[in-house]
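User: I would like to learn how to read the features of a structural model, one at a time, with the general idea first and the particular case after it.

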Amino acid sequence: MIKEEEKQAGVRSMSDYINPLVRDIAPSGIRKFFDLANASKDIITLGVGEPDFCTPWHVREACVYSLERGRTKYTSNAGMLELRESIAEYLNNSFQVKYEPSDEVLVTVGGSEAIDLALRTLVAPGDEILIPEPCYISYSPIVSIGGGVAVGIETDAANQFKLTAEALKAKLTPKSKVLILCYPSNPTGGIMTYEDWLPIAKIVEEHDLIVISDEIYAELTYDQKHVSFASIPGMKDRTVLVSGFSKAFAMTGWRMGYACGHPEIIAAMMKIHQYTVMCAPIMGQIAALEALRNGMSEKDHMMESYNQRRRLVVNGFREIGLECHEPQGAFYAFPSIKSTGLTSEQFAHRLLFEAKVAAVPGDVFGLGGEGHIRCSYATSVAQLNEALDRMGRFLDKMKQEM
């Protein structure tokens, strides 16, 4: 421990050794509420963005069998070629985007590493990175670590949380370089259609932008099929497509993801990847390969279950008096709590301690998030019904207080 007299003598404090770009990053607002929930008893948690399903047995068995056969070595930096081939085949069959496995696909440690690699590869100090919000909370901090400037673009429930050409144009400057997209959206469940993408693609081309398209929830769309931004004419080479196995295949703890894009960008991302993690774990890669080859029926079953819960939750929120945009993707609802007169954090805090229900305050997701809470419906129907009952009683109590 540094003594007080040493401080007065000009000796550095421990925080002085930390990179200011890291030191000034705020802790995760989601983790804050997880920690509070874990410290309390009888909490129903609607905050975790994680499937409640276990990884299918045959996927786990493929991993176990690989260990029994002693498959514990490094793979190539880019990942097993047969996995990259399967990823490319899957994307082409599912979303009509064709990638060359040899130099346009990189297997990563979760989709999160793929996002980090893409941003560290593309962001130089002073670059402006455009981010539609509310959004996944990791984008802005990673941009800041790279010396870039995160520029939020507000979306709202009135427009189904879609990114519009007008909103994008309003934020463009000569320093604009990268546009980050996350559709289906975490936290709103919003999606973009082919027609929605066309004017965005035109702006991307006219202003010479590169796009990072986080499509981790691509398989989880309900009333219509997901449209990859990379599938829009002229956008494939301008897009780094990021996805993984965590959500659709119930493999969060396996940390298996991938990035696809122009060979020069993928090669640059792999430079960072090979110096930091070397390669994704071979056991996880074998499991991911099994999921792609033989896991589609389980994926579809989970999707059907999420869709049932989605309708339950949206209708439930509306019945207890909370306006709720109907999510068309992912497994989150983003109800408005503006009618209560509380801020998102105030509401979430009271909901946790008075109703024993954990939800994430919407303001942690950026512009447009205030006045909402994020609730994951990737939990059992029984838990969802109980959570709605508790929230209904909580809102009735609040009305009596007004």
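Analyst: We can begin with a salt bridge, which is defined as a side-chain nitrogen of Lys or Arg within 4 Å of a carboxyl oxygen of Asp or Glu. Glutamate 354 makes such a bridge with arginine 350, and their closest N and O atoms are 2.7 Å apart. The two residues are four apart in helix 13, so about one helical turn separates them; helices here are DSSP runs of H or I with at least four residues, strands are runs of E with at least two, and both are numbered from the N terminus. Before going on, note that this is a predicted model, in which local features need pLDDT of at least 70 and side-chain atom pairs count only at pLDDT 80 or more, while totals for chains, interfaces and linings use all residues. Residues are numbered from 1 along each chain as its sequence is written, and side-chain values use heavy atoms, with hydrogens and water left out.

User: Are glutamate 354 and arginine 350 buried, partly exposed or exposed, and what are the cut-offs?

Analyst: Buried means under 20% relative accessible area, exposed means over 50%, and partly exposed lies in between, with a 1.4 Å probe and protein chains only. Glutamate 354 is partly exposed at a relative accessible area of 36%, and arginine 350 is partly exposed as well, at 22%.

User: How should I read a strand, and which way do the residues of strand 8 point?

Analyst: In a regular strand the side chains alternate between the two faces of the sheet. In strand 8, Met256, Tyr258 and Cys260 point one way, whereas Gly257 and Ala259 point the other way. Five of the five residues of strand 8 (residues 256–260) are buried, so the strand is largely enclosed by the rest of the structure.

User: Which strands pair with strand 8?

Analyst: Strands of a sheet pair through backbone hydrogen bonds, either parallel or antiparallel. Two strands are counted as paired if DSSP finds at least two bridges between them. Strand 2 (residues 105–109) pairs with strand 8 in the antiparallel sense over five bridges, and valine 109 stands opposite methionine 256. Strand 7 (residues 239–244) also pairs with strand 8 in the antiparallel sense, over four bridges, and valine 242 stands opposite alanine 259.

User: What is the strand order of the open sheet of three strands?

Analyst: The order is 9-12-11, with antiparallel pairing. Strand 9 and strand 11 (360–361) are the edge strands, since each pairs on one side only. Two bridges join strand 11 to strand 12, and proline 361 stands opposite isoleucine 373 in strand 12.

User: Which residues of the largest nonpolar core touch the most other members?

Analyst: In soluble globular proteins, nonpolar side chains tend to be buried together. A nonpolar core is a set of buried Ala, Val, Leu, Ile, Met, Phe, Trp, Tyr and Cys residues joined through side-chain atoms within 4.5 Å. The largest one has 38 residues, of which Tyr306, Phe317, Phe331, Phe347, Leu351, Ile373 and Met391 touch the most other members. Helix 14 (381–401) is one of the elements that supply at least two residues of this core, and its seven residues are the largest share. A second, separate core of 31 residues includes Val59, Tyr90, Ile286 and Ala291.

User: What does proline 335 touch, and where does proline 335 lie?

Analyst: Contact means heavy atoms within 4.5 Å. Proline 335 lies in the loop between strand 9 and helix 13, and its contacts, not counting residues up to four places away in sequence, include Phe317, Leu322 and Ile373. At 0% relative accessibility, proline 335 counts as buried.
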